[in-house]
Structure formats: C-alpha cells, structure tokens
Amino acid sequence: MTSEDPRESGPSNSTRAISALRKILTSSTLLPDPSRRPTPNTIHSFYISAKARGQLSQLDSGMLSALIGLFGSLSVDSTRTCVYTSSLLPYVKDSPVPRDYWAFVKEVVSLKRQRGMTLAHSDRYWMMRAELASLSPSKDGQPGYTHKFDRSLFRARKQYLHFSRHVFDPDVHVPYLTALLSSTDPLHKQWAIDAITSILLTHPFLHAKVMKVLLGIVHDTDTALLESILSAISIRVTHFPSPCGGTAGASISVPVDATAFTSALSVFPLPTPSPSPHMKAITELLHEAFSSNVPLVHRRSNLLLCSLLYSCNGSGIAISSLDFPLDGYASLWQTLFALAILEEVTRAAGPALLHDRALRGRIQEMIRSLHESWLHLMSNESPPTLISRAVTTSLFRLSGAVVDPKLFAACLESSINFGLWTGNSSDTVEGPQLAAMAAMHLATLMQVRGCGAEFIMKTLSSYSTDVQHQSVVMSAAVKDLIHRDVELAHALYNIAVCSGRDIDVDTAYLLARALPPAHAVGFLKHERFSRIQVGGLLSSIARFLKETRHEHYDTDLIDDIGISLRKLYSISPPPIHFRGHLQLLLAELCTRGSGFQTTAIIANVIKFYPAFFQFSFLLRLVCLFLRRRQFRCALRIQKILVGTHRGCVPNLRHMVNTRLGATASGRLSTNIFITGRKSHTLFRGGCFWAAGTLFKSGMSSGPVYNRVLQGLIYARRPHAAKVAFSRVASKVDTKSRTILGNTLLHGVVTRPVPGNGRRVRKLLGLLDNLVKYQQFAPDRITVNIILKALIVWRTAFDHQRLRALFDHMVRGGYPAGIHSPSHPPFSTPLLRTSGTLTLSKLPPHISFEKHAKPMLKMFIKAFYLRNDVEAARTVVEILKIEQKKTTLQRERRSVARLRGWMEAENNTGRRDHTSHVHNDRS
C-alpha cells in the first residue's frame with residue numbers, strides 16, 4: 001500500500017497518484033498496517049488527480065471494475081454482502097461518516113463505456129444499485145417525479161437483464177424486485193413477475209429471501225397475472241432434465257411430520273434422476289399440485305397455502321383468518337399444509353392455549369375436521385406410507401397440544417389399522433419416521449394420561465425392544481415436550497435416566513436451559529457437557545436468578561453454582577464474550593451470600609486474564625460486599641482492583657466513604673446469629689478490623705476512619721469504637737486524631753444510658769484517657785461536647801450555675817456581643833475549673849460558625865428549659881449581634897478580594913478547617 005507522504009522517495013509527483021491508485025486496485029493478499037490504509041476520499045482524490053493529468057488510460061478494465069465494486073460496496077450496508085461485494089474492502093480505512101458514492105460509480109462506468117470496454121456483470125450490478133438508490137418510493141405518483149422514477153427503473157431493469165440469469169445470489173435479485181414492487185405502476189409489477197418467472201426457471205435453489213418476494217406477489221395478484229409464475233413452477237417441478245443443465249436438487253432430509261414435508265415442498269426442489277423414496281414422494285406431490293393439467297385456480301390456491309404457512313412462520317397468524325377446505329374432498333397437499341399451519345399456530349400459542357377455551361375449542365374443531373379428511377384420503381387414495389406417517393405424527397402432536405384424549409385414541413387406532421407401525425427401524429428412511437412417530441405418541445401420551453414410569457416403559461417396549469432405538473425415541477419425545485411442557489419433559493428425562501436409556505447430550509442441554517435453577521443446577525455435573533455448554537447453562541441460570549431475585553433458594557443450590565464456576569475456570573479463562581453472563585452470575589452469587597466463592601472465582605479468572613472484568617463491575621461488587629457487611633471479601637476485591645487498575649484509588653475511596661456511612665443505619669446494624677453456634681456480632685475481631693482498615697494501602701485517611709467510628713457508635717458498639725481509635729491513633733496526624741477523638745467523645749454523649757452524672761464521669765474519664773495515652777489534643781469542638789454533657793444534667797446545673805458557666809465561657813474569649821470578658825453578661829463570680837474547660841490551654845482562634853454559634857444555641861435552649869427567659873433572651877441578642885458582625889466581615893472580605901485589595905490568605909494557623917462530627921441538638 002502506498003504512503004501518502006510526498007517527501008517519501010518513489011515516483012515523481014506527476015505519476016504518484018496513478019501509481020498509488022494502480023497499487024491499491026491490485027493489492028496483494030497481505031493486509032497493510034491499519035494506520036497506512038487509505039480512506040475512500042484518498043482513493044477518490046488519486047482518481048481525480050490522475051484524471052486531471054490524463055493518466056486514466058493506464059487503468060485496464062479489471063482495475064476499473066475493481067474501482068466500481070469498491071465504491072459500490074462502500075455505498076451499501078457493510079453487514080450485508082453478496083457475490084459482487086468488493087474484495088478490497090479490508091484494504092480501505094472505514095469512514096467515520098457513512099456516505100454513498102453512486103455518482104462516482106456512474107462516472108467510472110461511463111469511462112469504461114467511452115473507452116469501448118465491455119461491462120462485467122459486477123459493473124452492471126453496481127450500476128443497477130446506483131439507479132435504485134436514486135429512487136424514492138414515497139414520491140412515486142407525485143407530479144413531475146413519475147417520469148424520473150420510471151426512467152430510473154427502466155435503466156435498472158436494463159442492467160439487471162444482462163446478469164440475472166448468471167448469478168443465483170438472492171441479495172443480487174431482492175433489491176431490484178423490492179424496488180419494482182414498491183411502485184404503483186402495473187407495468188413495474190409485471191416486470192417483477194417476469195423476473196420471478198426467470199428465477200424459477202433458472203435457479204437450482206430458491207432462497208428464503210426470494211421465496212418471501214414470490215409469496216408476497218402471489219398473495220396480492222390475481223390468477224390471470226400469475227399465469228407465467230404458475231407455468232414456471234409447473235415446468236420447474238415436472239420436467240427433467242431441468243433447465244439448469246442437470247444440476248441436482250438440494251439434499252433434503254427425511255421429512256418426519258407435516259411441517260418438515262411442507263418445508264421441503266414450499267421451496268419447489270428440482271426433480272432428481274434417481275430419487276430416494278422421500279424425494280420421490282415430494283416430487284409426486286409437487287406434480288400433483290402444480291402440473292400443467294391442474295387448473296390455474298387450483299394451482300394458485302395451493303400456492304396461497306404456501307404463502308399462508310410462510311406468514312405463519314414469520315410472526316404467527318390469527319385463527320379467525322384461517323380458511324381451510326376441511327370437507328371430505330380436501331387434497332393431500334391441502335391437508336399437509338393445513339396441519340403444518342396448525343402446528344405453527346399451536347407452537348406460537350404455547351401453554352396459554354390450554355387456558356383460552358375459545359381458542360382451544362376452535363383449534364380442536366379444525367384438528368378433528370382434518371383428521372376426518374385424512375381418514376377419507378386414506379380410504380380412497382392410499383397415499384404413500386411416508387406421507388401417512390408424517391401426517392399421523394403431526395396429528396399426535398396436535399391432539400397433545402389441545403389435550404384431546406378421544407382424538408389421540410382415534411389417531412392411534414387409525415395408525416394401527418393402516419399398518420403404519422410396521423417397518424424397518426434401521427432403514428435410513430423408515431427409521432427416522434418410525435422413531436419420530438413413536439416419540440410424538442409417547443409425548444402426547446404423557447400429556448393426555450400422565451407420566452407413570454411403569455406405564456411409560458411398557459409403552460416404550462411396545463415400539464421396539466432395542467434399547468438404542470428406545471433411547472432415540474425418548475430423546476425425541478423429551479425434545480418435543482421442552483417446547484410444550486418443560487415439567488413433563490423433565491419427568492420423562494428422569495424416567496429415561498433411571499431406566500438406563502441415554503438422552504442425547506444436545507437434548508439434555510436444551511432441557512437444562514429451559515428448567516428453573518433449582519433443577520438446572522443438577523445438570524452442571526453432566527459428564528458429557530462441553531465447556532461451552534456448561535457456560536451457556538450457567539448464563540441461563542444467571543438470567544433466571546436475576547429475574548427471580550426476590551425468591552428464596554436453598555443454600556446448596558448457590559454453593560453448587562459456585563463450585564461449578566470454580567471448577568470450570570480453574571485451568572483456563574472464560575471466553576471474552578461470556579464476560580457479561582459471568583459478571584451477572586457473580587453478582588447474583590454475591591447478592592445471595594456466596595461472597596467467598598465469588599472472590600475465589602474472580603481470583604482464578606484474573607490469574608489468566610487480568611483485564612477480564614470491567615472496572616465498574618468490580619467497584620459494584622465492592623459496594624455489594626460492603627452493603628452486606630462482608631468486609632473480608634471487599635478487601636480481596638480491593639486488592640484485585642488496585643492491582644489491575646492503578647488509577648482507581650480516588651473513586652474507590654469516595655465509594656467506600658459513602659457505603660460505610662450507609663451501612664451504619666440502625667436497620668443494617670443488627671447482630672448476626674448463626675444457628676447452633678455462639679452469637680457473632682458484626683464488627684467482632686478480624687471482621688471489625690477489616691471494616692476499619694479496609695484499604696490500608698493508598699486508602700487510609702481520616703474521613704474513612706471517621707466513617708467507621710460513626711458506624712460503630714450508631715450501631716451501639718462503643719467498645720469496638722475505642723479499640724478502633726486505639727489502633728489508628730498512631731497512624732494519623734494530630735488534626736485527624738482530634739477529629740476521631742471528638743467523634744468518640746460525642747458517642748458517649750448521645751448514648752441514652754447511663755444517667756447524666758455517670759455519663760459526665762464517663763466522658764471526662766474517657767477524655768483524660770485519650771489525652772494521657774493516645775496523644776489526643778482537645779480543641780473548641782471538644783469543649784462544646786463537654787458543655788453539651790454538662791448542660792443536659794439539670795439537677796447539677798440549675799439556671800444560676802448555668803449563668804456562671806456562660807460567664808466563664810465569655811471570660812475565656814468567646815464572643816459576647818456588647819459584653820466583654822471583663823464585663824460578662826450575668827456578672828457571676830469566677831468559676832473554678834480544670835481540664836479542658838481551662839480555656840487558656842486551647843488554640844486561640846474561635847470560629848463563629850463551628851464553635852461559638854453551636855455553643856450559643858445550646859445555652860439558649862438550656863435557659864428556656866429551665867424557665868430562665870431573661871437569660872435566654874440575653875444570649876439570643878448576643879447571637880444576633882455576632883451573626884451580623886460575621887456577615888458584614890464576610891461581605892467586606894469578598895469585596896476586597898474581588899477588587900484586588902487583598903490576596904487570599906493562607907491562615908492555616910488562624911482558621912480551623914475541621915468539620916463537625918456531631919449535631920448540637922441538645
């Protein structure tokens with residue numbers, strides 16, 4: 001691939017563009033580096049440059065065809081390819097903005113014509129697509145647009161006729177046919193009929209996309225206009241050798257029921273020179289339905305049944321719209337298609353069919369009429385045994401779908417009377433049919449008469465004494481019951497296993513995926529399941545658990561899932577496409593309490609593929625573990641997170657702070673009891689320490705520890721909080737130690753017991769202990785905590801002592817409005833104090849918002865509770881004055897900063913940036 005750097009050595013500038021273009025259009029099989037692949041615009045610019053220099057003559061016919069195919073392929077949906085899709089697409093860089101290049105395609109085609117070159121089939125195809133791309137069916141019929149629409153379709157048809165007989169790819173024909181049928185002009189519809197007729201006469205196989213167009217035309221067209229299509233079908237199915245030069249028909253498996261027969265019939269297979277018995281029956285049926293001596297009306301009616309079956313296969317069909325010839329004169333073709341359509345209808349209805357009496361009654365009536373019609377045919381025409389067995393199999397299935405014992409018995413009686421059960425089970429044609437009929441009889445028998453093991457085995461023995469044949473029959477019966485009644489399918493599977501009959505592994509896998517987790521888990525130990533099948537089963541279980549997350553499941557079930565996952569991924573990692581299912585399953589295991597198994601499975605996978613799990617999933621898993629208080633598991637996942645995602649620490653810290661705060665609620669802070677063992681409290685021993693020091697490396701900080709202490713205190717675990725503080729006090733700085741100590745002291749104040757006197761003594765004793773042994777440095781918030789404990793002790797502090805205490809605080813430097821330390825508001829005698837209330841030992845800075853305001857509010861409330869209204873009003877006036885001073889000071893500082901009169905100060909020594917650790921609501 002050429003380089004686009006003009007400084008690179010190579011051809012001269014005058015020949016660089018044509019040389020690069022020739023090299024691109026004759027690329028080797030080796031793909032270039034993605035960064036060196038040219039964009040469509042680059043290739044187009046090479047063409048324009050070569051054209052300007054008159055160098056396009058250096059491009060031969062093959063190069064121009066490659067250029068047309070490349071830009072045509074770039075103009076259509078890249079997910080849909082056809083035989084003419086360019087092989088150069090991997091050599092071109094994808095364009096970030098999709099666009100079409102039809103004008104350029106037309107230009108290159110015009111160049112080939114000007115140079116007298118013959119257009120290849122691919123050139124004509126892309127020229128046709130260019131013409132079709134210019135159409136807008138919504139504008140068809142509008143004045144001034146009809147002529148343009150007709151001209152474009154005419155040019156597209158002209159190109160199509162040149163290559164249509166030489167290519168059998170449906171994606172080549174369907175765009176042209178769809179465009180014709182979108183027009184309202186009868187001439188364009190006739191063109192579509194002519195094209196379909198040509199396809200029927202020339203194509204060895206009819207693709208489902210072409211069949212969809214064909215059946216759509218049949219459904220909306222009168223018989224007279226369909227004469228050419230019906231004649232083509234007659235020629236196709238009755239003449240041999242075929243117009244395709246003796247091409248053999250597609251290989252069709254032995255049809256075992258009406259649905260399989262109609263699927264083979266509706267694609268109109270070509271006759272073969274030496275047909276097998278089932279191919280001979282199919283050929284005779286097609287000849288009977290579409291030979292030239294059959295009236296056109298009857299042929300169209302038979303074709304309409306194909307259309308009805310196709311629409312039923314697509315999205316189901318209303319019973320009211322079904323109109324079968326259910327009298328005694330129905331043909332074999334009509335009977336087969338009517339049975340197939342009813343099978344599709346009952347399959348679409350599912351188990352709900354049994355609960356809708358009106359729908360069930362209507363279908364039951366139609367099935368009985370079909371059975372009577374079939375008996376009439378059997379008596380008068382003696383159809384081939386292959387078809388008779390297929391019809392009987394479908395009648396068994398339908399009688400089970402509506403649970404009709406009388407119809408089931410009648411079908412069984414007729415099958416015995418006509419000798420349908422006699423045959424060679426080892427024959428390649430009779431064997432599958434006999435097994436399918438026996439399986440459908442067995443499945444319907446369980447639906448109609450129950451699932452007694454002895455009765456089932458007796459019936460099974462009546463089919464054949466060969467154990468291998470019995471295993472095939474039971475496998476087919478289980479497979480059919482999975483779609484109708486999964487409980488019966490599971491019961492039949494258990495009977496087969498207990499009796500020593502082998503159910504094939506694919507059927508067992510389908511059954512396991514359809515069962516609820518309680519039963520599906522048992523299949524995880526199936527010895528013949530591959531790793532892919534075990535993974536698929538686990539994903540089904542995960543989805544089912546998510547949908548039923550509020551249901552209770554046995555602990556053994558969850559353990560079995562965890563064991564299977566550990567065993568499955570102990571030696572090799574899961575495929576990357578299984579990541580979503582595995583993450584879903586692990587989340588469900590974590591939610592249901594299997595935390596240690598979850599972490600073990602993740603560790604196994606990470607060992608092989610470190611980046612397998614998404615960061616968001618692991619973070620959510622940590623959150624789940626914290627919510628469920630599985631701190632050890634959270635610590636393991638944290639180590640995995642930090643090891644695989646180095647930049648996750650800040651997000652992890654924020655989440656842990658939030659989650660540990662949430663887990664501190666009273667509802668979640670109850671003790672954990674294990675039946676038969678001693679009660680284990682939530683933060684006991686190592687579990688507590690795992691919570692308190694969850695993220696030691698890179699995560700240890702004051703706020704994290706503070707959250708943990710708050711959770712312990714709110715959970716009424718004061719001793720655990722003291723132990724936690726003693727363990728972390730030496731690991732944090734003085735400021736964080738003060739915050740944690742205040743949190744611990746405030747926990748004593750908020751406890752409902754003991755009484756006021758004991759509470760004050762415990763508080764002061766704890767404070768002395770923290771100062772003496774933990775290097776705790778009290779601050780102004782510590783003072784407020786002590787004041788809170790003293791103020792609520794009413795018997796020791798009446799209104800007179802409370803006034804003296806307030807004067808003491810004013811003398812210690814607290815703001816007092818118009819008063820001063822030398823003239824306190826209540827003029828009480830000096831108060832002798834010791835310890836923390838000796839205010840001179842505290843930091844000098846007093847924050848109004850954090851220190852003074854909470855204190856003033858506590859005193860106001862305390863004075864009102866003691867009916868000292870005068871003192872309360874005095875403190876209120878002080879609070880108002882100080883609030884006003886603080887507001888004015890803040891406004892002045894803001895104005896000064898905005899005008900540049902004052903730089904932002906770094907007042908670390910003056911300002912107190914600690915946050916409150918309690919609410920002053922005393």
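**Exercises on a predicted model**

In this predicted model, the side chain of Gln-533 comes to 3.1 Å from the backbone nitrogen of Ser-530.

**Exercise 1.** Determine whether Gln-533 is buried or exposed, and find which residues it touches beyond its sequence neighbours.

*Solution.* Begin by placing the residue: Gln-533 belongs to helix 24, which covers residues 531-547. Next, take its relative accessible area, which is 12%; since buried means under 20%, Gln-533 counts as buried. Finally, leaving out residues up to four places away in sequence, Gln-533 touches Val-505, Asp-506, Tyr-509 and Arg-528.

**Exercise 2.** Check whether the span of helix 3 agrees with its number of residues, and work out how far the helix is enclosed.

*Solution.* Helix 3 runs over residues 61-74 and has 14 residues, which at 1.5 Å a residue should span 20 Å. The C-alpha atoms at its ends are 20 Å apart, so the two values agree.

**Exercise 3.** Classify the aromatic pair of Tyr-125 and Trp-126 from the angle between the planes.

*Solution.* The ring centres are 4.9 Å apart and the planes make an angle of 70°; because an angle over 60 degrees counts as edge-to-face, this pair is edge-to-face.

How values were computed. Residues numbered from 1 in each chain as written. Predicted model: local features only at pLDDT ≥ 70, side-chain atom pairs only at ≥ 80, totals over all residues. Heavy atoms only, no water. Helix = DSSP H or I, 4+ residues; strand = E, 2+ residues; numbered from the N terminus. Expected span 1.5 Å × (residues − 1). Buried < 20%, exposed > 50% of the residue type's maximum accessible area, 1.4 Å probe, protein only. Polar contact = N/O pair within 3.5 Å; in protein donor to acceptor, adjacent residues only side chain to side chain. Contact = heavy atoms within 4.5 Å. Phe/Tyr/Trp six-rings, centres within 6.5 Å; stacked < 30°, edge-to-face > 60°.
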